[in-house]
Amino acid sequence: MFYSINFLRFIASVGVVIHHALGFTGTQISVGAAGVDVFFIISGIVIGFSTGEKTTPYAFFAKRFIRVLPLYWLATFAYLGFKFLEWNDLPQSETFWRSMLLWPDFGTGWHPIYYPGWTLGYELFFYLVFGTIFTFARKNAAALCALVMCCVSLVLIPVPGKTGVHFDSRLCFEFVFGLIFAHLFLKRRMVIDPKLGTASAVAALVIFSLNYTSNGIDRVLAWGVPSLLLVIGLFAHERSPFFRRRFAVILGDASYSVYLVHITVIEFILETLKRNDVSAEAIKAQWPLTLLVLVGASVAVGVMVHRFVEQPLLEYLRRVLLGGERLKTPVADVEAVLPVAEAPADVLPEPAPSPVVPAVAAPKPEPVAAPPRVRKPVVVDERRLPLRLDWKPLALPVLLVGVFLAWVISRAFDWPQADDFLLVDWFRRLFITGELGIGDVLTLKNGPHPVGFQALVTVLLFKVFGVSFNLLVGLNLLIAAACGLLLSALVLSDSNSRLVRWVAPVLLMVVFLHPIQMNHLVWPFELGLFMVSLALVANVALVEFRGVRAVPWVAAVCLLGTMSTGQGGFLWVLAGLHFLLFGGPGRYGRAGGFLMAFAVVSAYLTSSTGEVSGLMNDGVGGLILYFAQLFGGVFGVRGTRSTWVLGALVLAVALGLAVAAIVRRQAARPIERAGVVLVAGALLMAVGFTLARYKFGIVWALDRFHAAPLLVPVLAGIVLLASRYFETGASLAARGLALFAQTGVVASVVMAVPYATGRFNEQITARGFGMAVACDQQDDPYLETSASGLADWSFFLLTKNRDVLAPLCTDRLPVDARALLKLPDDFAGWISREPATADGLTALWRIYQTHGDLQRAFPPSQPDVGKNLLMFARNNALTGSQYEKDILGPHADLYVRLHDAK
């Protein structure tokens, strides 16, 4: 650590704070922004000096990541929270992604969400260039990097996807200034006379004063050159006791925190003043006092953040990712390169006397045999779980899968509904019309959610086996079964209890085929959700069976899961958590930290203002109640009280077992680690679902249990965590609680069966009716659109793909679907007697044809469906209900008269 340069970092950060504070007060002095130029030069110095040939590329990138990104992410989230609470304002998805990943887009008018972060984009670009060169040419990395950065500085680099927007690449010269400084004054140890240093600092201040607004002069000349002079001036006084004082060191260390928090602090203070009726004119009139308050508060908060957030965070990440290696260059190494005072020129050192040594003939060296080659010892990973399978306990689960699969496929109806039409359209555009390429398919989205990998798998299956939606239904079931089998293999390899080895596989298979998922299991488009479940379970198995060697495979699985649906982004966090559960800062800790570095993708669902609007309307209590009811839905119940009570019980059991496993030697058993990860996965995904769907209300969420596939892992986690207590050594009370937990899992399955059978029949009816209407090509767009589960804007998905879907048309319809195709006898009789009733009765029947809730209440195949439907319409009219009022309202009197007459 160079004390003078460290303190200069504080001066630079305060300059930036002053610049922004003056901007808020309306004062046109912007020279404080030159602190950014100082930062860029110092970055070049630090990289050029501290990166030696002994540094590994991993250590280089890990140190840069630790130093820059985590605190920036925290500062961004803090600013987002402030904006949300103050103005109910959140960014759009693209802006959020660009900001968190510091994607280079430095055109006029664009900044990251937390706009001081624009400078970090340049920093990361410099690190990427230097790190890439350093990976392949360590010895001359600094020189080659300076050459590349100079070339970059001489051109304007176009931003991908942004016409006319460029980087201000000339700022890259300032990193070159730092590299040259590090080479000349640190590595070559050129001496700077303190008097010359003072003159250099004064010259820098004079140039700054002449260019306090940049005056249109190129920034590198106006501020970059004097910034370099200022660095040289302060470094010449490196041995000054002032820079070694404790307060100077603390302020220098806290400079990054000051830089990152000052915007939030300034805006908070100004908003507080406005709320207390302090006008903007008063703030501007008292700008010196305002400046003092804003700068002082920013520095004070920055120092506290450095002490209580930045330091512990860096220390933890250093242990996890670097095994305790220092982030800063040791003081002893710095002192070794500092110039020392030279002896006067007129005083020559006295030569040492030369000892007289008699000449002796040097003996002829004997030939020495080459030492034997020493093989690198093979490192045995004792934490890996050896795979031990006993196929007998798996026979019953496999049999259950076969029976369930045969029952579903034999009754499922092969026709698309709603989003399924997208799958056909993607297939047509890829393989028939050629509008899409494979790359286009991989980047497809359904709304804000990436579905590229799911889309690719689907269209390839259609290409090989033909367009078949029952094929995808079968794939959903097989993926769910694969999740159960993978976890069963883990249990069989880890447990010595005969009871656990026979019971747990059956429970796990039943859980992953849970009836509460019926709406999703028989919905082909929900393949992405089951892919994410499989990715979660596959990562658990990979980590336990392959250990730290599984990191590349785990990363690949996480990437594919992220490309399958929006919830896939959480896989990175969960994989990192799994490695960290092994404990210790070794290879497993570094692997966990590496995967955790990609955790920013888990914020994907929260990055759109439209998705999270209205979250705080019901307060924290309403949010917690919604969350509990969501988990209570796994029992197949929808009553408000019973749902949240059951959900609270599920959460208490799952969290209790998970916390007990972590507290007890950091979840030492493989099945315990797996259980903790599954519980955490369900909680994270439920949080994502809540943030994205809270605005629709709990009634919508529980209507078809939309979150069911995301919640199933919590039941699997309970099965695994409770299984541990059936091993030898567990107390009777512990076994009783474990038995209670697993009994609750079985109860949830049994209680959800009625919903599953009913929902399956509804799906069959809806698909059959949709096929009949679409294949007949009736001249009724409303009926065709509604029967297919489409909207007016998406009706083209049916019309454009009729030829592709034509082979699926059939006359064999489910009984209820066939009943929907014709008017009830009661309605037909009235129309024949009174033709004037045709419009009202036809409108009522069309509503019935396209509304599953009415079909649940009055099954189509029942003989008195017309009578019951008319009674519903009459009550609807008398109570003033808003149910499809635009269509049914004009005929209200007719429904009352016909019902009363009958």
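Visitor: How many aromatic pairs does the count come to?

Guide: This is a predicted model. Rings pair here if their centres lie within 6.5 Å. By this rule the count is 33 aromatic pairs.

Visitor: What kind of pair do the rings of phenylalanine 827 and tryptophan 845 form?

Guide: Their centres are 6.4 Å apart, and their planes stand at 80°. Planes over 60 degrees apart count as edge-to-face. So phenylalanine 827 and tryptophan 845 are edge-to-face.

Visitor: Which helices does that pair link, and how many residues apart are its members?

Guide: The pair links distant parts of the chain. Phenylalanine 827 belongs to helix α37 (residues 825-833) and tryptophan 845 to helix α38 (residues 838-849). Both residues are buried. The helices are α37 and α38, and the separation is 18 residues.

Visitor: What is the geometry of phenylalanine 872 and tyrosine 883?

Guide: The ring centres lie 5.5 Å apart. The planes are at 90°, so this pair is edge-to-face.

Visitor: Which arginine lies over the face of tyrosine 127?

Guide: Tyr127 is part of one aromatic cluster, with Phe126 and Phe130 among the other members. A charge sits over a ring if, for Arg, CZ is within 6 Å of the ring centre and within 35 degrees of the ring normal. At 5.3 Å from the ring centre, the residue over tyrosine 127 is arginine 64.

Visitor: Which residues does leucine 260 touch, not counting residues up to four places away in sequence?

Guide: Beyond its sequence neighbours, leucine 260 touches Leu71, Tyr72, Ala75, Tyr114 and Leu120.

Visitor: At roughly what angle do the axes of helix α15 and helix α32 cross?

Guide: Trp407, Val408 and Arg411 of α15 meet Phe760, Asn761 and Ile764 of α32. The contact residues divide into four nonpolar, one polar and one charged. The axes of α15 (residues 392-411) and α32 (residues 732-776) come within 10 Å, and they cross at roughly 35°.

Note on methods: Residues are numbered from 1 along each chain as its sequence is written. This is a predicted model: local features need pLDDT of at least 70, side-chain atom pairs count only at pLDDT 80 or more; totals for chains, interfaces and linings use all residues. Side-chain values use heavy atoms; hydrogens and water are left out. Rings of Phe, Tyr and Trp (its six-membered ring) pair if their centres lie within 6.5 Å; planes under 30 degrees apart count as stacked, over 60 as edge-to-face and the rest as tilted. Helices (H or I, at least four residues) and strands (E, at least two) are DSSP runs, numbered from the N terminus. Buried means under 20% relative accessible area, exposed over 50%, partly exposed in between (1.4 Å probe, protein chains only). Contact means heavy atoms within 4.5 Å. Axes are lines fitted to C-alpha atoms, for helices over the stretch in contact, and angles run from 0 to 180 degrees between N-to-C directions. Ala, Val, Leu, Ile, Met, Phe, Trp, Tyr, Cys and Pro count as nonpolar, Asp, Glu, Lys and Arg as charged, and the others, Gly among them, as polar.
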